[in-house]
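Please keep the structure open beside you as you read.

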Amino acid sequence: MIHSTLTLACAAALLASGPESNPPRFAIVTIPGLGGEFTSARGVNSFGHVTGGAYLVSDTTYRAYIYRDGAMTELPLLADGRDALGRAINDLDEVVGETYLTNGRLVTATLWDAQGRVSDLDTWQTHYSKAWAINNAREVAGEANDPSVNELRRAILWKDGQMTSLGVLPLPGHDRSTAHDINEVGEIVGLSSGDVSRAFLWRNGDMTELEWAEGETTNARGMNDSAEIVGARSGTLALLWDHGVPQALRLRPNDFSGVTALHINNSGHIVGRVQRNSSGNDVYVIWPNADAPYTEVQDLLPPQSLWRNIETVDDLNDSAQMVGHGKRGADSGFGIGHAFLLTPVNWTFTLEAPSPGIAGVSNTLRIMGATPGATIGFYYSIHGGGAVIPGCTIQQNALQLENPTLIGTAIADANGTATITRTVPLIAQNKSILFQAVVQNECAISQLVVHEFE
């Protein structure tokens with residue numbers, strides 16, 4: 001779990017508005033691939049830097065990457081590696097994940113440092129190890145086959161070059177474990193498996209069971225720096241443990257199964273997965289807090305988005321930035337999908353709808369409330385989405401337009417008002433067009449305007 005540089009209050013206000021916001025104050029930025037048809041996003045740090053995996057058509061393999069404010073960097077392979085995946089990234093841009101090997105070992109936990117150099121974390125040289133999470137102290141949590149217990153899979157902590165098995169809970173039949181997350185104070189959560197598998201918290205060398213009803217399976221998936229832990233009971237109830245005290249999260253009447261809470265940030269936002277009885281499909285959701293109803297992540301997207309199906313949400317940070325992958329446009333079939341970064345936006349001035357709003361004639365766009373003397377760029381698109389503002393970081397702001405086209409620029413007068421007039425082609429008649437304005441050197445944007453031309 002990674003700290004954030006943005007205010008938590010801002011992110012909380014954006015999420016509290018829910019799907020009734022018109023439009024929601026989020027942009028969804030498509031993370032480019034590395035020449036292939038599939039890219040996944042698995043981890044995001046406090047600065048909105050993303051890691052995951054991308055398919056390479058050139059040699060039909062996958063590579064780990066870092067995405068930073070519009071720029072994609074491929075991470076190198078280990079010497080005996082064929083495929084690699086980044087699963088988590090800390091604020092130093094250190095990435096952990098796994099590499100699939102060609103030397104007789106199957107898969108090994110991997111670290112890429114801030115300079116992009118790659119190293120094998122598995123000092124035991126086992127056939128199987130994976131790294132799932134990393135904090136800013138470079139402590140890594142994951143799993144590996146433990147040679148001291150006949151290669152049984154155990155939760156692992158990597159720290160200061162040492163690889164330590166965390167063991168299992170002292171419960172009947174428990175002989176396997178895995179670690180899912182680590183926070184900034186080095187606490188780890190995960191699953192200990194046996195007759196009845198149970199969620200655990202590992203702290204200062206001790207593994208303790210997270211309480212719930214006897215005889216029911218539990219699993220801990222994510223945690224924050226305040227010992228708030230999320231997971232699930234038997235795949236049918238999303239849970240929050242607040243300092244060890246369990247609480248069920250609010251669901252809807254038609255929620256059926258496959259329910260779990262996956263991640264929690266330091267402001268208490270919780271991302272989870274819900275299966276609907278009516279469709280049988282997974283829906284990814286976000287709770288603003290444990291006592292509030294959730295919002296479907298799909299409902300946070302700008303209007304007229306090309307994103308027709310959010311298939312996973314794999315991480316979030318304290319600014320409520322979320323990453324995952326899904327389908328866009330005409331995408332279909334297995335092995336086709338696109339990674340995304342869903343990021344809150346901050347509107348600071350107002351854009352009026354085009355006037356007179358009729359196609360085939362001149363129309364005027366006007367903004368109010370900008371900095372006097374600022375250069376205003378007016379943009380349009382037929383689809384809502386997301387775009388990084390040149391010269392700005394993704395945390396400062398992003399446009400909510402897909403492939404925005406510049407209409408023109410104008411200078412704000414002493415009252416912070418600027419206008420631009422252009423002829424709207426007749427082909428726009430009866431079509432909804434999206435407009436947004438930006439002050440590039442301030443990383444400032446207007447609200448998004450959707451207008452259907454007469």
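Strands here are DSSP runs (E, at least two residues; helices are H or I, at least four), numbered from the N terminus, and two strands pair if DSSP finds at least two bridges between them. This is a predicted model, in which local features need pLDDT of at least 70 and side-chain atom pairs count only at pLDDT 80 or more, while totals for chains, interfaces and linings use all residues. Residues are numbered from 1 along each chain as its sequence is written, and side-chain values use heavy atoms, with hydrogens and water left out.

An open sheet is built from 4 strands in the order 6-7-8-9, with antiparallel pairing. Strand 6 (81-89) and strand 9 (118-120) are at the edges with a single partner strand each, so one side of each has no neighbour in the sheet. From one strand to the next, the twist averages 30° (axes are lines fitted to C-alpha atoms, for helices over the stretch in contact, and angles run from 0 to 180 degrees between N-to-C directions). Strand 8 (residues 107-112) joins strand 9 in the antiparallel sense over 3 bridges; T110 has D120 of strand 9 as its bridge partner.

**Two pockets**

A pocket is an open set of points on a 1 Å grid over the protein atoms alone, with protein on both sides within 12 Å along at least five of seven lines; a cavity is a set where a 1.4 Å probe fits but cannot get out, and lining residues have an atom within 4 Å of a point. Grid points are joined across faces, edges and corners, and a volume is the space filled by probe spheres set on the points.

| Pocket | Volume | Lining | Nearest the centre |
|---|---|---|---|
| Largest | about 510 Å³ | 23 residues | R42, R87, W132, H263 and D314 |

Strand 26 gives the most to the lining of the largest pocket, with 5 residues. For the second largest pocket, strand 35 gives the most, with 3 residues.

The lining of the largest pocket divides into 12 nonpolar, 4 polar and 7 charged residues, and that of the second largest pocket into 13 nonpolar, 2 polar and 2 charged. Ala, Val, Leu, Ile, Met, Phe, Trp, Tyr, Cys and Pro count as nonpolar, Asp, Glu, Lys and Arg as charged, and the others, Gly among them, as polar.

**H325**

H325 sits in strand 27 (residues 322-328). Is H325 buried or exposed? H325 is buried, with a relative accessible area of 10% (buried is under 20%, exposed over 50%, partly exposed in between, with a 1.4 Å probe and protein chains only). Leaving aside neighbours within four places in sequence, H325 has contacts (heavy atoms within 4.5 Å) that include F38, I310, D314 and H338.
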